[in-house]
Amino acid sequence: MSGESPGARASRPHRRAAPRRERARGPRSQGGAPIWWLMAAPAVVLCLAFVWLPMAATFGLSVVDVNVLRSAAVWRGLAHYGDTLANPDFHLALKNTAIYLAVLLPLQIIVPLLLAYALMHLAGRVVSLYRGALFLPAVLSFPIAAVVWLWLFNPVVGVLNAVLTALGGMPQRWLNDPDMAIYAVCAVSFWKCFGLNLPIFAAALANVPPELRQAAALDGAGPWRRAWHVELPLISPTLFFAGVTTLLLVLDEIVGAVDVLTEGGPFKTSTNLLYFLYERAFRHFQFGEAAAVATLIMALVAVATWLQFRMFERRVHYA
Amino acid sequence: MRLFRRTALAMPAILIAGSARSADARIDLVHLFSGADHPAQKVIAAFNDRKLGVSVVSRQEGTTYEAITTKAMAGIAAGRPPAIMTTGWKLADFARKTLGAQDFNDIYGADRTTALMANFRPGLKEICTVGGSLIGLPWAMSTPVLYVNMTLWKQAGLDPAQVPITIEALYPLAKQLQERTGKQGLIFEVNEWLPQAFIQNAGGDVITRDGQPAMDSAAAVHAIERFVEPRRMGIWNVLSIGEMVTAFQSGAIGVMASSSARQSVIRTQAQFELALFQMPGLEGRPRRMNSGGNFLAVYATNREQREAALTFFQHVASAEGFRPWLATGYMNTTVHNLPAPGNEAAHAQLAGGLTSETIWPGPRGLEALQAHIEWISRIVNGAVSVPEGLRGSRQAVERLISNA
C-alpha cells in the first residue's frame, strides 16, 4: 500500500460509494418494484415448492412416526436423531463417505486437470477425438455404466480377472471382497465422472491470455513455473467451482453405482450416507428415521461446503 | 375462447363415450414382472379377452418387492391403494399390518374363499395365512433346487444318473468336478433363503412359529457349518447373485443351488446340457424344504374393486388361467393337471411338502431380515465363525423385533 498514489487513494471512496448510488437508483426508487417482484416470482415459487417446502417437510417427518394406513403421525421429538447417531451402520456409512471423498475428490480434480493440460498442447483433429472419447463415460447413466462394469468385474467370467491371471496374478472378488468393494466402486465412479470436469478445465485454460504465457516464457519461466504461477492462479475460480460441485457429485451420484454394483455390501462395507438413507426409507420403510438421516446429511453438506469456502475461496484470484 | 367453446360443446359426447367404456370395473394389478411378453401380461390379456365385466390394468411399478411397495404406499396413504399387488412372502407381515392387505375371509366370506382356495393344493392355505388371516393367493411359488451343468458333470466322469440327495454326498463330487474340469465346482446364493433351507433341513428354524429368532440353535449351527463347508474346501468362490447367474449361464460353474424360478432365464442363455434336481437334504435328518416367491394380495378398500379382484382370482386359479403362468418357472400350485416340462424337481419338492419363506415380524421386520443377511454374509466371507455370526444375527434380530 505504501506505493499507492494519492490519486488512487482518493479514488477509493468513489469506488465504495458506487454501490450505494446503484442501490439508490434501485427498482424501488424507479417505482418499478412490482415488476421486479413479478419477474423473480417464478424462480421464488419454484424454489419454495421444490426446495424449501420439501426441506421443511423432511424436517417435519423426522420428528414423527407415520402410519400410512391411518395417516396419523405420532410425535417422537428428536428420538430419530438419537437413534441414527447411535446406529453403528450410520457410523460405517459416515466413514465410507469420508473414504469416497478422500479418494474421489482429488482424483476427479487432478486427473481431468492434467488431461486438460495435455489436450491443450495437442493439435489437429485428434484433440476433438480425445475430448469426445474422454467425455463419453460422463453421458452414460450410472446404472448402465455399472452394468457394463458388472461384466468386467465378474470374478469367474470377467475380463479383469482374465487379464490378471494371464499376467500371473491371483483372481480377485472385486465386488464381494469386503476390503476391496469400496475401491471397486470408486474406480467405476471415477471412470464415469472424471470427464465432467475435463471440458470445464479445458475451457478455463483456453481463456488464459496467451500474452501472459509469452511474457512468463520471455522472463525464463519453464512450463512447470508457468503452470504453477500463471495458469493455475488464473483458473483458480474454475478450480474452486469444480471443487464445490465435485464434492456434491461424489456425495450424490455415487448412489447409483453402489446400488447396482454392491447394494452397499458385502455387509455394508461399500455403503455411504445417501445409500444408508435410501435403505432406511425404501427398503426398511422407516420414513421418520430416513428423514432424520436426510436432515443430518443436509447439515453435513452445508458444513462441508462452508469449510470449502472458508479454506479455499481466499486463495481464488478473481480477475 | 373458440377453443374453450369447442371443448365445452364436445364435453357431453366425451362423457357419454367414457361412461360406456367404464361399464367394466377397472382394477390395477401392481407387479414387478418386466417385459411385454412376460407370462404375467399373457395371463392379464387372456383374462381381459374373456370380457367378464372386469378389466385388469397391468402396472409394473418396479423390479423389486420393495420398489413396488414404496409406490403402493403413496397410493395407500392418499386413499387410492392398488386393487391387487404381487407381495413378496418376506413382506407378508408388513403387508398385513402396515399396508392393510385384506383377509379373504373378511372380504369374500368363508364359502367363496373356500371355493377359491379349493383350486390350490392342500397345505398352501396355511402358507398364505399370516397371523390367522388368509391374505394371499399362492400364485408365484418357487423353491430352492440344484442346477447341474451336465456337460461338465459328464466331462468330469461323474455318473449322470447319480446326482446325490444329500449335501454330504454332493460336496466330494463337486470337488471332483472342479479338479477334473478346471471349472468352479459349486456355488450357493448368499442371502437368507438358501440358508433357511439348510437350517430347516437340520431340524431348526430361523424364526419360530411364535415369532422368536432361533437362528443360533445347535441345529442351525450344524446346518450353517455344512453350508459354508464348500468355501473351506475351496470349491465355492462367493459371488453376488447376479454374478453367480451370469457365471453359471456361461458354463463356468458345475453346480448351482438357487430358486427354481430362475430356470426360464437360465434355460434361454445356457449353451450346455442343463438338468435340475431336488435340493439335497442333510444326512440323517428329515427333509423340510422351504418355498418363496410372492402372492397376490388385495389392498382395495371399496367393495366393487374387491369383487372385481375376486373375478380375476377365479380366472388365475383356473387351469386356463394358470397354464400360461407356468412359463415363468414358478410351480404349479393348483390342483389342475398342467404340464410343466423341465420343472419336475421343483414339483417333486412341492409334492413332498414345503414350508413358507421366513416371515419377518413387526414394523422393523425388513430391517431384521437385512441384518440377518449381513451376518450370513460375514460368516460366508470368513469374517466371523458360524456360532459367532448366528449369535450376532439372533441378537440383532431380537433387538429389532423387540424395539417394534
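Which stretches make up domain 1 and domain 2 in the domain assignment of chain B? Domain 1 takes 23–142 + 293–352, and domain 2 takes 144–290 + 360–402. Those bounds come from an automatic or database domain assignment.

Some ground rules before we go on, everyone. What you see is a predicted model, where local features need pLDDT of at least 70, side-chain atom pairs count only at pLDDT 80 or more, and totals for chains, interfaces and linings use all residues. Residues are numbered from 1 along each chain as its sequence is written, while chains are lettered from A and ligands numbered from 1 in the order in which they are written.

Let's stay with chain B. There are 17 helices and 13 strands in it; these are DSSP runs numbered from the N terminus, with helices being H or I of at least four residues and strands E of at least two. Chain B has a radius of gyration of 23 Å, close to the 22 Å from the globule rule for 404 residues, so it is as compact as a globular protein of that length. That radius is taken over C-alpha atoms, and the rule is 2.2 Å times the number of residues to the power 0.38. Along the principal axes, the C-alpha trace of chain B spans about 80 × 50 × 50 Å.

Now, how do the two domains of chain B meet? Their C-alpha centres lie 28 Å apart. The contact takes 18 residues from domain 1 of chain B and 21 residues from domain 2 of chain B, where contact means C-beta atoms, placed from the backbone, within 7 Å. On the domain 1 side, α4 (92–99) and α15 (344–351) of chain B are the elements that give two or more residues. The most comes from α15(B), with four residues. By class, that side of domain 1 of chain B has seven nonpolar, nine polar and two charged residues. Here Ala, Val, Leu, Ile, Met, Phe, Trp, Tyr, Cys and Pro are nonpolar, Asp, Glu, Lys and Arg are charged, and the others, Gly among them, are polar.

Next, have a look at a helix pair. The axes of α5 (residues 104–117) and α13 (residues 303–317) of chain B come within 12 Å and cross at roughly 10°. Axes are lines fitted to C-alpha atoms, for helices over the stretch in contact, with angles from 0 to 180 degrees between N-to-C directions. α5(B) and α13(B) are therefore roughly parallel to each other; angles under 35 degrees count as that, over 145 as roughly antiparallel, 65 to 115 as roughly perpendicular and the rest as oblique. I107(B), Y108(B), R112(B) and L116(B) in α5(B) meet partners in α13(B) that include L310(B) and F313(B).

Over to chain A, which is divided into domain 1 (6–62) and domain 2 (81–315). Five residues of domain 1 of chain A are in contact with seven of domain 2 of chain A. Is A291(A) buried or exposed? A291(A) is buried, with 25 other C-beta atoms within 10 Å. Beyond its neighbours within four places in sequence, A291(A) is in contact with T58(A), L61(A) and S62(A).

Lastly, the two chains together: their contact takes 21 residues from chain A and 27 residues from chain B.

Methods:
A residue is buried if 20 or more other C-beta atoms lie within 10 Å of its own, exposed if 12 or fewer, and partly exposed in between; C-beta atoms are placed from the backbone.
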